[in-house]
Structures are given as structure tokens and as C-alpha cells.
Amino acid sequence: MKKRHEQKLILLSIGLMVAFSIPVSLLFNSEQEVLGYPMLLVYFFAVWMVSIITAFVIVKKYE
Amino acid sequence: MSSFALFSVVLVYLALLFLVAYLAEKKKSKLWINNPYIYALSLAVYCTAWTYYGSIGVAATSGLSYLTIYIGPVIVIPAWIYINTRIVRISRINKISSLADFISLRYGNSRSLSAIITMVCLFAIIPYIGLQIKAISETFHLVTETPVSKNILTDSATFVVVLIAVFSSYYGTRYVDASEKRLGIISAIALESFLKLFFIIILGLFVIYFVFDGFSDIYEKASRFSDFKAKNTLNGVEGALNWMVLCMISGTAICILPRQFHTAIIENRQEKHIKTALWFFPLYLLVFTLFIFPIAWGGRLIFNGQNVNPEFYSILIPQYFNNTVVTVLVFLGGLSSSISMIIISSITLSIMLSNNMIIPYGLLGKFKAENEANNTRIITRIRKFSIFGLVIMAFAFYKYFILKTSLDSVGLISFVIIAQLAPGYFGAIFWRRGSYRGVLTGLVAGLVICYFGLIIPQYYFSYNQEFKGVLRSMYDAFSFFDIPYLGRIPEVFFWSLLLNAGLFAMISVSMKGNYRERNFAELYVDIDQYIQNHENAFIWRGTAYVSDIRNILVRFLGQKKTEQAMRIFNLKYNIDSEAETADSRFIKFSENLLAGRIGTASAKILIEGVTKEDKISLKEVLNILEESKENIILNKKLTEQSQELKKLSDDLQNANENLIVKDRQKDDFLDSVAHELRTPITAIRSAGEILADDDDIPPDIKKEFLNNIITESDRLNEIINDILYLDKLEHGEIALNVRKNNILETYKKALNPLLHLIQQKNIHISEVNLLNHFIFEYDEARLIQLFQNILGNALKFTGEQGTIQTKFFIREQELMITVFNTGKHIPEEDLELIFDKFYQSKNQNILKQAGSGLGLAICRKIIQNHGGTIRAENSGLGVTFIIHLPHRHKNMKLNDKKAL
Amino acid sequence: MKKIIIADDEHKILMSLEYSFKKNGYDVYIARDGTEVLDFLKTMVPDVILLDIMMPNLDGYSTLEMIRHDERLKDTNVIFLSAKNNPKDIEKGLEMGADAYVTKPYSIKRLMQRIEEMNNR
């Protein structure tokens, strides 16, 4: 895999770090509910799922 | 369920694992070895009983923090594409067999460092193994509904533990060369990862759909708990901070835990498997955690008010509903998680123990004296006993220390302790200056903080004792560093790592390492450069004899393997096999070979024992490294240049061959031109000869002959003109005058001169116009020529009273013109060849044209210059020529002189 | 009367040859390709055959091969008339069994003289 595609994945890691870190995670830290579930939970799982899909796409595309 | 029954279930399960491992070893089929999913699944050994049971406990009592154990890895794993790929390469080249090897080799291959790291791992992991045993024991008792016996020997769970210890020690030592992959065990681990996920899904579905009426039902009921909201949100900045730090802890752990290092790095077969793991492993974790929430809150709902340990909700819930099958399945899932952890951890700990503590500190002398078979046996035996001993030690630890502690806190403490290796670990591959002293100092400092911050309090707290005396005053002194908004464990993590990394950095920067460290630093950080010939990168000077070293090698590898390895080495570096002295490359090579058996530290000691190394200064080493780096760059440049040269020479050769071909083509062409010209000349000459010699030639015949002369002269002229014209077209000397023109009008202009001939032959000519616009861009004069040639051709080959039909239409937005004439078909093999110059078919069923023989070639050239195509097709009662004229195109040869 | 078959796919060349040979008292048979030559040969034995080489359907070489396999024609003189005049082609033609190879353009007079000589031999 070329270097720049590797860097995309590193960027994904960094993005995840930011997404789960203080300022950002607190944004979603409310008692509101989204789709009937706690917003924070939904946020966490959504980010998680998106990261899996992103990693999958990057790996498959530049195989 | 009776103890005996459950025990039998466990036996059957272990037998299954054994069978899988055995089959995988035996078959070693390509499918299995190269399967990236086996690798990815084996990484899930991360999910132990802590995940299986402990997470549910945390989810039920403290809410979201259970997620931190998984989120940490999810954050770090994408970066593995960079980090782990390099670590795999370094480990493969240096025959690294354990985490301790990896780190200590980097910092100078020091025996003491590797021993210390081994001890850290032991301190961190033995309690962790104890945790698994605790889980197995307690769930065993839960399922069989028996109390834990005070007497160990009569406790049924004890037998399970002993069984596992024996199984692990037997199966973990099948190979002495620790660098060899253990396909069997990894396959069994992968199976276990699958099973534990599968069983927790079954439990999840059971709770969601059987006990309750769906996910929303659980949610709705659970939300009535007073603490529900609190548990599902972060507790302000403080909560979020703790959350973050916990994620960092687990993110570090996923990289450094010995069992993770083992499955991710040492058992890695192909670098590209890492790519699959990148997305597969987080996906696995996602599915796993999806069910923790409903199970945890379902448990709270069911056992509301009762004093039940939430960690074991997963067993208790199905048991509450008297569903033995699900209960046993859950138990098996927990068993899977525990056993896989125990096996891998004990294997890797035993490797570390034997390679870094037992052998180098006691047995090297013995090994030097024995032969290979004995040495192998000894090493295997040491490892076997280590594994067994470790499991039993963990068992004891569980019984005496963590009986009353939660799974969660033991696990986290383990993580924090193992995290002390992080600065050295990551520094090894990223920082050239990282030195041995720095690592050691930082490590020790971090451990001290862990000891006082975590272990002592834990010990006291589990026994509800108070600190007394000295310990009390020390504890109070440290309270200065208390961070109020961090929990105890995150706080200790923070301080210990801060001090650890800080000391590591400061000392590495202020004190220079020795040259050996620096050498390995280069090898590690620049692994990509040295990957091909790492032996060359090893700097060593002194006296060494091949025979001495070979003796040592033979003692561990045996005669045959040693000979083989040496042969390959000599071949690689083009060394005479009779050479007596050994150079640095051979030293590295031998150390590598031995490291596979006894670890890098012991290997170095053994080799050191038979060689005499000269002191080299660090400065010298740095110079050599600089030089070799420059050499590598130079080499690269040279290789690139030579490749360029080769390419150039290939190009030159091609061009030359082209020229030769073109030359021959030119000769052939001249031949055929001469041939073509001679035919009309013959007719003219013959007619002229007759007219000159024969006086009484009948007037009508005379007239005919005279006409012949004229027409053949014209023909000659036509041929000559066409030849020159075609030549100009081919050499791009005729610039296309591309303008917007009306295609139908152009066609009419071309057709006009031919009309009377058409009438003469009684040919019926028609046009079909399917265009909705008529303006296209082309060179009108050329197209007129093209039409005239095609029409002329059609004329010649259409019999009397035949038909010529021209069609104009658009296909795929481009102009198509077809000209159809009735008449004989063209033979299949000639359909393309008729466009060649002067082409005469062998099986000509068409009469030879009276024209120049170049008409179609000219057509093709004209249309090619427009970037289009022309071809012929047999259709129905005649032949169709199909012309394709594209839009104004970059392929249009507007005005270029093409070289020959 | 001497019989001659003249084969060439060029009409105008055939005309000239036909006229000249007829004038010289030959019984002339015109063929436009090798198959027509063979057709004639089914029913008669000519004294001379003038063969163009590049003809459709059956070219001069193939026709000559067929001719040489025919016992009846062993006394027939076969002459190649061809625009191909490089030495290799001439050699090939003669090796195949032609009695002479005349390149185009030729002088009809000289051609006829040559044929006379061949006949008298």
C-alpha cells in the first residue's frame, strides 16, 4: 500500500482520537435522546461503525 | 447441573480444541495458513473473561465506562498499518520471539533489561491469568450451584484449572524454535474467538427476545431506573476526562499486552493480513459490545433489589429462567475467553521466562556441553514446567489475593503495569536516540509509582486494612499529587507514564548510549532500508572463528540445519565456505539463528563467549552508519540509473528494429510500385508496337489500341499521383483543413462527377438520412476524395443494374456513414487487407480493379487522419463500407510531421 | 496451325497479344486466369502457353505446376510473362519448370522470335 494511503488510515486514528476526546464527546453528552436512545451512546456507536467502514473501504480500494 | 456433568462438558470442549489444533497442524493447507481471518480472529484473544463477564458488571454499575476497554483499541488499530507492519518486519528479521526480546534487543540486547521486562510482564499478567481462573471457578460453581469449597483439593473448579494447566503446557511447547508459527494453537484460538462471540450473541438474543420483548422493551423499562440517565451520559468534564484516560490505557494495552504482541506480531504470517485485521477486529469488538448493554440492563431489571453480582448476570439470567442449554453455552463462552487468554499468555510468558531469566542466568554452561537433541529437550521441558507453574501460581494468586476484588479493577491494574513498557516500546521504533539507561530509569520509576499507587492500596483495600506507619506517611505524602477529578487508576496511569516517558526522554537525550544500542536503533527505526541485508547493517569488529561459532550453532540446530543455514548465508554474501574467520555479518546471522531457540539475550551471550570483540567508539559506529546509509542511497541511485540505461537501450533496440522493418517495408513497397507501373506500361508498349509495325491494321482495332494507349497512360498517371498523394498523407505533409461542413453537401459534391457513369451502368443509387443535424467538422476536400474513392470502388464492383445505398446516422453521438453496394462478397480474410496498398488477394473473386489499387488505402489514411475508422463488411447481397467520423479530436492529424 | 494459350488478367495486354499472334497465324485461346487455362487444357494440347503470374483464382505458378504434372503437355513450351523482374522471381519461375521467363514490358516482336526458336528446337 502506498504511503499516502497508509496516511489516510493514520488520519482515521487521529480523527477517532479527536472524536472520542473531551470537547467533542461532551458535545453529545446530553440527556436528549436520538432515535429513542441516549445521544451519547448513539454517537459512540455511530462513530465506531463509520470508522470500520472507512477502514474497510481504504483497505479494499488500495489493495 | 451436576459438577460431574459440567466437568465432562469441559473435557469435551478441551478435546475439541485439541482436535482443531491437531488437524490444523496436520493439514497445514494453504487455505488455512494464508487465511487473514484466522489471524484477525486470533487477535480477539483480547476479549477475556473480563470482557465477557466484567464488562457487563461495569455496564450495570458504572455505565458507559465499559466501552472504554474497546474504544481504546478502535482508536489505535487503524494506525497499525504503519506501526505493526514495521514491528512485524523487525521481528521477522531478528527472529524475535517475545515482547521482552523486541524491546531489549533494541536497547543493546541487554540480558538485564530483558529480565526486568520479563518480570514486569509476570507481575502484570499472572494476576490477569488469576482473573480468568477466578471467572472459570466462580462460574463453574454458579452453573453447578455448588458453593466454593474452602478446601482447594475438594473444590471441583480446581480440577478444571489443573486440566487447563496441563493442556496449555503440553500444547504450548510443540516447537522449540519460538519463531516458528504455531498454526495449531492459533487455529484453536481463532475458533474460541468465534465461539465466544457466537455464544454471547445467543445470550443477547435470549435476553432481548425471550426474556423481554425486544430491545426497546428493555430500554423503556430500564430508563425508569433513577440512575439510568446518569449511567448513560458522561459525568461532565470529569467523567469525560476519566473516560478519555481509560481509553488511552486500553489503547496502549492492545499494543503491548504480551498476548497481543504474540498473536499480532509473532504469529503473523503475512503482512497483508494486518490489513484485514484493521477493519475486522474493530467490527468484532463492535458486535461483542452491542449485546453488553441489553444484558447488563436486563440483569438489573430482573435482579432488581437482590444482592447479585452483576458481573455474572450472563450466567444468572438464563439460569433464572431455568434454561440449562443457554446457561451452559454462556459458561462455555466464558470458558473460551478464559482459556484462550491463559494459553497464549502462559505460552508467551514461558518463552520470556525461559529465554530471559532461566537460561541466561543458569543454564548456558550446560547447553554448551550438550548436543542438539538434549538441548531441545531441556528447553522444551523448561517451557512446559514454566507454563504449568505459571497457571498454578495464578491460581494461588487468585485464591489469596483477588478473591474479593472485582474483575474490572484487577484487569485495569494489569493494564497500567504493562503500560509502563510503552515508552520503551514505541520509542524503539520511532526514536533513534532512545537509550538503554533512559528506558530502564523510566521503567523503574513508573513501576514504583504503580506499586505505591495501585498495588499496595489494592492489597490493603481488599483486606479492609488500614495503612500503618511508614506506609501511611508515604501515602499521605503522595497525596499532594492527587488529582481530584481523576479516578485512582487513571490518575496513577497519568503520573506513572508521565514520569516514565519524561525520564526516558531526558536521560536518553543527556547521556549517549553505547554503540551497540545505536546500531540496533538504526536497524529498528530504518527497518525498511535494511530489510534486505540486515546482516550488513550490524557493526561488529573483533576476532571470531567460523568453526567456534558453528559448534555452538550445532548444539541448538543440529548438524543438518546448521550446514544448510550456512550454505545459504555463504551464497547470499558470496563468501568462500572455507573461510576461517567470521565477520560482523556472520556474527549477526548466528545470533539470529540462536535467538529463535533461546532468545536474543542468551544468543548474544553464547556467541560472545566464543568471540573477542574489539571496542569501537560510538563516534566510529555513527560514522559507519552514516556511510552505509549513504551507500544505500548511492546504491539505489545506481540501480535506478542502470535501469534507466537498460530502458534506453531497449528503446534504442526497438527503434532500430523498427527502422529495419520500415526499410524492408519500403523495399517491398517499391517492388510493388514498380510492379504496378509495369502493367500499364506493358499495355502501352504492346499497343504502340503493334501500331508502329502493322500497316494494315483494321481501323476499328487501330482505334481501340490508340484508346488503350491513352487510357493506360491515364492510369499510369493516376497510379503515380496516388502513390505520391498517399505518401504525403502518411507523412503528415498534408495538413487537414478542418472546418464545419455540411456532410450531405459534401457527399453531393463527391457524387456529381460519378453520376453519368452510374447512369450508364444502370445502377440505382440512393441515400438514407437519419441525421437531425448536418454540420460536422472535417476537411471537405479530403472527404470528397474519400467518398469518390468509395463510390468509385462500389461502382466497379456492382454489377449492371445493381444498387448503391449510402446511409448517414449517429451512433454514440458520432457520425457514421455506410455505403452499401450489391455484388460479390469479399472473402473473410480480405476484409481488412483490401485497405492495404496494392493488395491483391490470393483467392480473388473480385476482378482486379482498373484503378490504381491505392484507392482504399487512401480512404483509410484520410479517415485515420481524422481520428476515425473505416471497415468493410459483407452484408446480405453485397458489401458495406462503414465509416466512422469522430468529433474534432486530439487524434486528428491537423498539422504534424510524423517521423518515419 | 500452332495453338497458343495466352493468360493475363489485364484485358488490354491480352488484346495486343491476341492481335499479334493471330496476325502471325496462331490459333489463339484467351484466358483471364489459371482456371480458364486448365479448362482449355482439358480438351486441347497447345504448342505454347503464355502465363502471367499474378492472376486471380489460380495464379501462374500454380497453373504451371498443374501443367507440368500433365504428360500430354511435355512438349508444350510454357513462358512466364510477368512484371516481377527481380532475379529471385526469375529463378523461381525457371526452377518451377517454365521454359522461359519474359519480363514486362516486353517487345512483342522479340517475344515471337523467341517462341519460334523454341518451336524449332
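Analyst: Helices (H or I, at least four residues) and strands (E, at least two residues) are taken here as DSSP runs and numbered from the N terminus. The model is predicted, so local features need pLDDT of at least 70 and side-chain atom pairs count only at pLDDT 80 or more, whereas totals for chains, interfaces and linings use all residues. Residues are numbered from 1 along each chain as its sequence is written, while chains are lettered from A and ligands numbered from 1 in the order in which they are written.

A residue counts as buried if 20 or more other C-beta atoms, placed from the backbone, lie within 10 Å of its own, as exposed if 12 or fewer do, and as partly exposed in between. B:I552 has 20 other C-beta atoms within 10 Å and is therefore buried. Two residues are in contact if their C-beta atoms, again placed from the backbone, lie within 7 Å. With neighbours within four places in sequence left aside, the contacts of B:I552 are B:L606, B:I607 and B:V610. B:E370 is 182 residues from B:I552 along the chain, yet their C-alpha atoms are separated by 9.9 Å.

Of the 900 residues in chain B, 47% are buried. Among the contacts in chain B with a separation of 6 or more, 83% are between residues 24 or more positions apart.

One helix pair of chain B can be described in detail. Axes are lines fitted to C-alpha atoms, for helices over the stretch in contact, and angles run from 0 to 180 degrees between N-to-C directions. The axes of helix 21 (residues 422-430) and helix 24 (residues 488-510) of chain B come within 9 Å and cross at roughly 40°. Angles under 35 degrees count as roughly parallel, over 145 as roughly antiparallel, 65 to 115 as roughly perpendicular and the rest as oblique; helix 21 and helix 24 of chain B are therefore oblique to each other. The crossing of helix 21 over helix 24 of chain B is right-handed, a term used when the near helix is turned clockwise from the far one by less than a right angle, with anticlockwise giving left-handed. Helix 21 of chain B contributes B:A422, B:P423, B:G424 and B:G427 to the contact, and helix 24 of chain B contributes B:L497, B:N500, B:A501 and B:F504. For residue classes, Ala, Val, Leu, Ile, Met, Phe, Trp, Tyr, Cys and Pro count as nonpolar, Asp, Glu, Lys and Arg as charged, and the others, Gly among them, as polar. The contact between helix 21 and helix 24 of chain B has five nonpolar, three polar and no charged residues.

Chain B also holds an open sheet of five strands in the order 4-6-7-9-8, with mixed pairing. Strand 4 (764-769) and strand 8 (869-875) of chain B stand at its edges with a single partner strand each, so one side of each has no neighbour in the sheet. From one strand to the next, the twist averages 15°. Two strands pair if DSSP finds at least two bridges between them. Strand 4 and strand 6 (residues 803-811) of chain B pair in the parallel sense over six bridges, and B:Q805 in strand 6 of chain B is the bridge partner of B:S766.

Chain B meets two neighbours. Towards chain A, 27 residues of chain B are in contact with 27 residues of chain A. Helix 15 of chain B gives the most to this side, with six residues. The residues of chain B on this side divide into 22 nonpolar, three polar and two charged.

Towards chain C, 20 residues of chain B are in contact with 20 residues of chain C. Helix 30 (618-693) and helix 31 (699-730) of chain B each supply at least two residues of the side that touches chain C, and helix 30 of chain B gives the most, with 12 residues. That side of chain B has six nonpolar, seven polar and seven charged residues.
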